[in-house]
Amino acid sequence: MVRVLEEEATLGMMPLVALVLTGTLFVVDPGHGTRFPDGRSLNVGAVSKSGIREAAVTLAVGERLAALLRARGARVVLTRSFARPYRIATNKNRDNRARAALANRLGATAFVAVHCDASLDVAARGTSVFWLKPNSATLAKTIRHKLAPLALGESQFRARDLAVTSEAIVPAVLVELGFITNPAQARTLTNSAFQEREATALADALSERFGNHAEAAR
Ligand SMILES: [Zn+2]
């Protein structure tokens, strides 16, 4: 039993140690959080009955993801950050397209948008991964695989024409981290340890898809 666990631990550690992200650039997009120039809210995102704001959860997870990726050697550009939590725009769709267009302009390795799902059905639960173009399908599958152990369930996994997935030329996914309208999932989404697990799942998927074995040996 102990021997098996040790072997599993060793095997489990290897990809994290060996895969580095040197030479990669990711655009991480914490969903929503856009204001009109006069300060009124333009794109607020979902709000749970208990007052949890999607835009706050996506920003926290996005910043954690950025930190994990940077620690592995990647360059990361956030479309919103703790330092600059609000985007300024006058049109929600155009602003979402601009987020993906930034990744195109920078020639990013990939674009990752993070969101929280919402439903009138409080029992609705699970993560979703959306992509559109064929260059994004492998990343979407890898993220799905890494999110599965979090046991949030799966809501949707499919190609979907969204502002960001349609605008992006670089590999692009939109991830729903869980349902903010489901009381149990809202608790996990606001738990900092769980936010770290979600961010780690995404970082591990990006490492698996875009990581470089050769760099680690140098
Ligand atoms: Zn959203």
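## Model and overall fold

The structure is a predicted model, in which local features need pLDDT of at least 70 and side-chain atom pairs count only at pLDDT 80 or more, while totals for chains, interfaces and linings use all residues. Residues are numbered from 1 along each chain as its sequence is written.

The protein chain has eight helices and nine strands, taken as DSSP runs (H or I of at least four residues for helices, E of at least two for strands) and numbered from the N terminus. Of its 218 residues, 43% count as buried, a label that requires 20 or more other C-beta atoms within 10 Å of the residue's own, with C-beta atoms placed from the backbone. Among contacts between residues at least 6 apart in sequence, 81% join residues at least 24 apart, a contact being two such backbone-placed C-beta atoms within 7 Å.

## Surroundings of T165

T165 lies in helix α5, residues 163-167, and counts as buried because it has 22 C-beta neighbours inside 10 Å. Leaving aside residues up to four places away in sequence, T165 touches F130, W131, L132, R160, A172 and L174; the C-alpha atoms of T165 and L132, 33 residues apart along the chain, are separated by 5.5 Å.

## Packing of α4 and α7

Helix α4 (residues 137-147) and helix α7 (residues 192-210) pack at an angle of about 140°, with their axes 8 Å apart; axes are lines fitted to C-alpha atoms over the stretch in contact, and angles run from 0 to 180 degrees between N-to-C directions. The two helices, α4 and α7, are therefore oblique to each other, the class left after angles under 35 degrees (roughly parallel), over 145 (roughly antiparallel) and 65 to 115 (roughly perpendicular).

On the α4 side, T138, L139, T142, I143, K146 and L147 meet A201, L202, D204, A205, E208 and R209 of α7. By class, this contact of α4 with α7 has six nonpolar, two polar and four charged residues, where Ala, Val, Leu, Ile, Met, Phe, Trp, Tyr, Cys and Pro count as nonpolar, Asp, Glu, Lys and Arg as charged, and the others, Gly among them, as polar.

Methods. Buried ≥ 20, exposed ≤ 12 C-beta atoms within 10 Å, placed from the backbone.
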